[in-house]
Amino acid sequence: MSRRTNKKRKFPNEDPVYNSFLVSLMISKILKNGKKTTAEKILYEAFDIIKQKTDTQPLKIFEIAIKNVSPTVKIKAKRIGGSTYQVPIEVKKFRGINLGLSWILQFAKARSGKTIAIKLANEIIDASKGYGNAIRKRHETHRMARSNKAFAHFRS
């Protein structure tokens, strides 16, 4: 029997401004070199831009964007008998949310714009409307999983 104990996952605390678990996760994704206040300023500024552009609550748009971007399956390379197969694997909800957040941030950084807050706001708005690079990444991942559905029995 394994001596390793199952540790409980530590979730970050809710965000003090929006009282949202998702906002605190995004702040921790933006975080660089331990500068949490800078990360918070970036996200709150992006939320202000979202509020100006859409005239709705930025938290609702952010939640819709995350729901649209989060994948349900992913591809994992598995080596069996000398050949490598791309095996589709279901993604747990928490992992899907984390992947969605990182994709939004990754494609926001790649956008053109003056500041990261403007880029992030535009990417979140696009993702909530159902288009943008993060949505394209999700569709691409799902398409790869669908095309490799024949190898699903190699799942472990």
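This is a predicted model: local features need pLDDT of at least 70, side-chain atom pairs count only at pLDDT 80 or more; totals for chains, interfaces and linings use all residues.
User: How is the packing of helix H1 and helix H2 to be read, and at what angle do their axes cross?

Analyst: Two packed helices are described by the angle between their axes and by the distance between those axes. In this model, helix H1 (residues 21-30) and helix H2 (residues 36-54) have axes that come within 9 Å and cross at roughly 120°. That angle makes H1 oblique to H2. The crossing of the two helices is right-handed.

User: Which residues of H1 and H2 make the contact?

Analyst: H1 contributes Val23, Met26, Ile27 and Ile30. From H2 come Lys36, Ala39, Glu40, Ile42, Leu43, Tyr44 and Phe47. Sorted by class, the contact of H1 with H2 has 9 nonpolar and 2 charged residues, with no polar ones.

User: Where is Asp55 found, and what is its phi?

Analyst: Asp55 is in the loop between H2 and helix H3 (58-69). Its phi is positive, about 60°, although Asp55 is not a glycine. Is it buried or exposed? Asp55 counts as exposed, because its relative accessibility is 67%.

User: Now the charged pairs. How many salt bridges does a search of the whole structure find?

Analyst: Side chains of opposite charge can pair when their charged atoms come close. Here the search finds 2 salt bridges. In one of them, Arg111 pairs with Glu123, and the closest N and O atoms are 2.7 Å apart. Arg111 lies in the loop between helix H4 (93-110) and helix H5 (116-129), while Glu123 lies in helix H5, so this pair ties together parts that are 12 residues apart in sequence.

User: What is the N to O distance between Asp126 and Arg111?

Analyst: The side chains of Asp126 and Arg111 meet in a salt bridge at 2.2 Å, N to O. This pair links distant parts of the chain, with Asp126 in helix H5 and Arg111 in the loop between H4 and H5, 15 residues apart. Because they share partners, the salt bridges join Arg111, Glu123 and Asp126 into one network.

User: Are these residues buried or exposed?

Analyst: Arg111 counts as partly exposed, at 22% relative accessibility. Glu123 counts as buried, at 0%. Asp126 is also buried, with a relative accessible area of 15%, and the cut-off for buried is under 20%.

Terms used:
Residues are numbered from 1 along each chain as its sequence is written. Side-chain values use heavy atoms; hydrogens and water are left out. Axes are lines fitted to C-alpha atoms, for helices over the stretch in contact, and angles run from 0 to 180 degrees between N-to-C directions. Helices (H or I, at least four residues) and strands (E, at least two) are DSSP runs, numbered from the N terminus. Angles under 35 degrees count as roughly parallel, over 145 as roughly antiparallel, 65 to 115 as roughly perpendicular and the rest as oblique. A crossing is left-handed if the near helix is turned anticlockwise from the far one by less than a right angle, and right-handed if clockwise. Contact means heavy atoms within 4.5 Å. Ala, Val, Leu, Ile, Met, Phe, Trp, Tyr, Cys and Pro count as nonpolar, Asp, Glu, Lys and Arg as charged, and the others, Gly among them, as polar. Buried means under 20% relative accessible area, exposed over 50%, partly exposed in between (1.4 Å probe, protein chains only). A salt bridge is a side-chain nitrogen of Lys or Arg within 4 Å of a carboxyl oxygen of Asp or Glu.
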